[in-house]
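Dear colleague,

Please find below the structure that I am handing over to you, with my notes after it. I would be glad if you could read the two side by side.

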Amino acid sequence: MENTISITEHDYIKLCDLVRSEKLMHTTEINNLTYLGAEIRRAKRIRAGKPVAGIITMNSVAEVVDLDTGRQMKVKLVYPNEADFRKGNVSVLSMFGSALLGYRVGSIISYKAPGGIKKVEVKSVYHPETVH
């Protein structure tokens, strides 16, 4: 699967600000910030008004499958103040959240977890903010 990720211009600006402020406050582990920063830099930016269907953006809900266990999960990619893993709200500052950002349906994503490298496949993406 292609390794290109895409993020909206809006997410790019907010995430760059978030990384800068977290680095100044020293509240997030530096490895997580470094990883998120690298993901932001390599991402293709999507201009405002362009379609993002099927791409994991901030506040989107993704259904993913853990390729080791077959377990399906629905997760919402959120900013740190909204994070609550029990509710499926995954912080973009976590390794899992940073890894999800910008991938699309069908992507297989690898990321570092406490127990080692994990792989998930993106099955669907829903953008609640685009529903009127």
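Ala 43 lies in the loop between α2 and β2 (44–46), where helices (H or I, at least four residues) and strands (E, at least two) are DSSP runs, numbered from the N terminus. Ala 43 is buried, its relative accessible area being 10% (buried means under 20% relative accessible area, exposed over 50%, partly exposed in between, with a 1.4 Å probe and protein chains only). When its neighbours within four places in sequence are left aside, Ala 43 is in contact with Ile 5 and Ile 7, contact meaning heavy atoms within 4.5 Å. Tyr 79 is 36 residues apart from Ala 43 along the chain, and the C-alpha atoms of the two are separated by 18 Å.

Please bear in mind that this is a predicted model, in which local features need pLDDT of at least 70 and side-chain atom pairs count only at pLDDT 80 or more, whereas totals for chains, interfaces and linings use all residues. Residues are numbered from 1 along each chain as its sequence is written, and side-chain values use heavy atoms, with hydrogens and water left out.

Turning to the helices, α1 (residues 9–25) and α2 (residues 30–42) pack at an angle of about 155°, with their axes 10 Å apart; axes are lines fitted to C-alpha atoms, for helices over the stretch in contact, and angles run from 0 to 180 degrees between N-to-C directions. The two helices α1 and α2 are therefore roughly antiparallel to each other (angles under 35 degrees count as roughly parallel, over 145 as roughly antiparallel, 65 to 115 as roughly perpendicular and the rest as oblique). From α1, Tyr 12, Leu 15, Cys 16, Val 19, Glu 22 and Lys 23 meet Leu 33, Leu 36 and Ile 40 of α2.

As for the sheet, five strands form an open sheet with mixed pairing, in the order β5-β4-β3-β7-β6, where two strands pair if DSSP finds at least two bridges between them. Its edge strands are β5 and β6 (108–113), each of which pairs on one side only.

Within this sheet, β3 (residues 61–66) and β4 (residues 72–78) pair in the antiparallel sense over five bridges, with Ala 62 opposite Val 75 and Val 65 opposite Gln 72. These strands, β3 and β4, form a hairpin with five residues between them, and Gly 70 in the turn has a positive phi of about 80°. By contrast, β4 and β5 (residues 89–91) run parallel and are joined by three bridges, Val 78 having Ser 91 in β5 as its bridge partner.
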